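Welcome! Here is a short tour of a protein model for someone meeting it for the first time. Please take a look at it before reading on.

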Amino acid sequence: VLTFKEGIRDRAIIGIGLFSLVLMSVTLVVISFFMRELDKVSVDINLSAISLAGLMLTFFLSINLMAKDIDRKTIYCVMSKPFSRSQYIWGKYFGLLMIILTAFAVLTVCSSLTIYLAKVQYGNWFKTFSWIEYYKAIYASFLMLAVLNAMVVFFSSITSSSFITLIFSICIYIAGQSIEEVVVYLKSSAGQEANISETVSQIIDVVKYVLPNLSVFDLKVQASHAIHISMPYLADITFYGLIYISILMICAALIFN
């Protein structure tokens, strides 16, 4: 709760929120320049705005909240209270998750209003649009940020430098988004003709299990094209995310102890 209150007071969250809201409101202006597929453009812009806001909160707010206690030496005061270091780590994580969840709730309401107005204005283009698939994509995006925030807490338990944590977190995000494409390419005929060395192939085989596959949480294309996202798939990515979060948080608690 203290982490949540501290994060909500941060001025960065206001700037990120306003930026996302402006981006959503611009949707009504932007889609008027398109001649077709206005529903897909509108959904894609809104989902991208929500994801971007979550990433900015993770990379700037979450990392600073984790590093602030150590940088300002307030952690000595905090750790004098009657709870363990593991509880401190888990408390920080759930506080960060509450901030992301609150931001997502506000942005989801605003984006829904934006799409509703676009639907009223350009009703002919929104005949195949599905609210259910849209909210499923938002849920998957939240899962991805839950994994990334666990990564932030993990790196913060290793180093006291917020800059190093930021660099590691961004690198993990980029690698996690592209690792599946790399593996698919290596298995394709073009990848086999590229003569990749055995050492590099073995390294990638190990890395693909260590890094989180964040691309499985990206459902913008399915939502924008109203493609049905099955409940078993959502259950799979939820289970995958929870397992990954649990491993990271247990490791972070052990290291911090």
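Leaving aside its neighbours within four places in sequence, which residues is Ser 141 in contact with? They are Ser 51, Phe 104 and Phe 217, where contact means heavy atoms within 4.5 Å.

Before going further, a word on the source. This is a predicted model, in which local features need pLDDT of at least 70 and side-chain atom pairs count only at pLDDT 80 or more, while totals for chains, interfaces and linings use all residues. Residues are numbered from 1 along each chain as its sequence is written, and side-chain values use heavy atoms, with hydrogens and water left out.

**The overall picture**

The protein has 12 helices and 0 strands; helices (H or I, at least four residues) and strands (E, at least two) are DSSP runs, numbered from the N terminus. Its C-alpha atoms fill a box of roughly 60 × 50 × 30 Å along the principal axes. Of the 257 residues, 45% are buried, meaning under 20% relative accessible area, with exposed over 50% and partly exposed in between (1.4 Å probe, protein chains only). Among contacts with a separation of 6 or more, 81% join residues 24 or more positions apart.

**Back to Ser 141**

Ser 141 sits in helix H7 (residues 131–158). Its relative accessible area is 8%, so Ser 141 is buried. Its side chain makes a polar contact with the side chain of Ser 51 at 3.1 Å. Such a contact is a pair of N or O atoms within 3.5 Å; within protein, one must be able to donate a hydrogen and the other to accept it, and residues adjacent in sequence count only if both atoms are side-chain atoms.

**How helices pack**

Two packed helices are described by the angle between their axes and the distance between the axes. Axes are lines fitted to C-alpha atoms, for helices over the stretch in contact, and angles run from 0 to 180 degrees between N-to-C directions.

| Helices | Angle | Axis distance |
|---|---|---|
| H4 (residues 38–71) and H8 (residues 162–187) | about 150° | 10 Å |
| H7 and H12 (residues 231–256) | about 15° | 8 Å |
| H1 (residues 2–9) and H6 (residues 85–121) | roughly 45° | within 7 Å |

Angles under 35 degrees count as roughly parallel, over 145 as roughly antiparallel, 65 to 115 as roughly perpendicular and the rest as oblique. H4 and H8 are therefore roughly antiparallel. Their contact involves Leu 55, Phe 59, Ile 63, Asn 64 and Ala 67 of H4, and residues of H8 including Leu 166, Ile 170 and Tyr 173.

The contact of H7 with H12 has 21 nonpolar, 3 polar and 1 charged residues.

H1 and H6 are oblique to each other. Thr 3, Phe 4, Glu 6 and Gly 7 in H1 meet residues of H6, among them Lys 92, Leu 96 and Ile 99. This contact of H1 with H6 divides into 4 nonpolar, 5 polar and 2 charged residues.

**A loop to notice**

Ala 226 lies in the loop between helix H11 (220–224) and H12. Its phi is near 55°, a positive value in a residue other than glycine. With 25% relative accessibility, Ala 226 counts as partly exposed.

Technical notes. Nonpolar A, V, L, I, M, F, W, Y, C, P; charged D, E, K, R; others polar.
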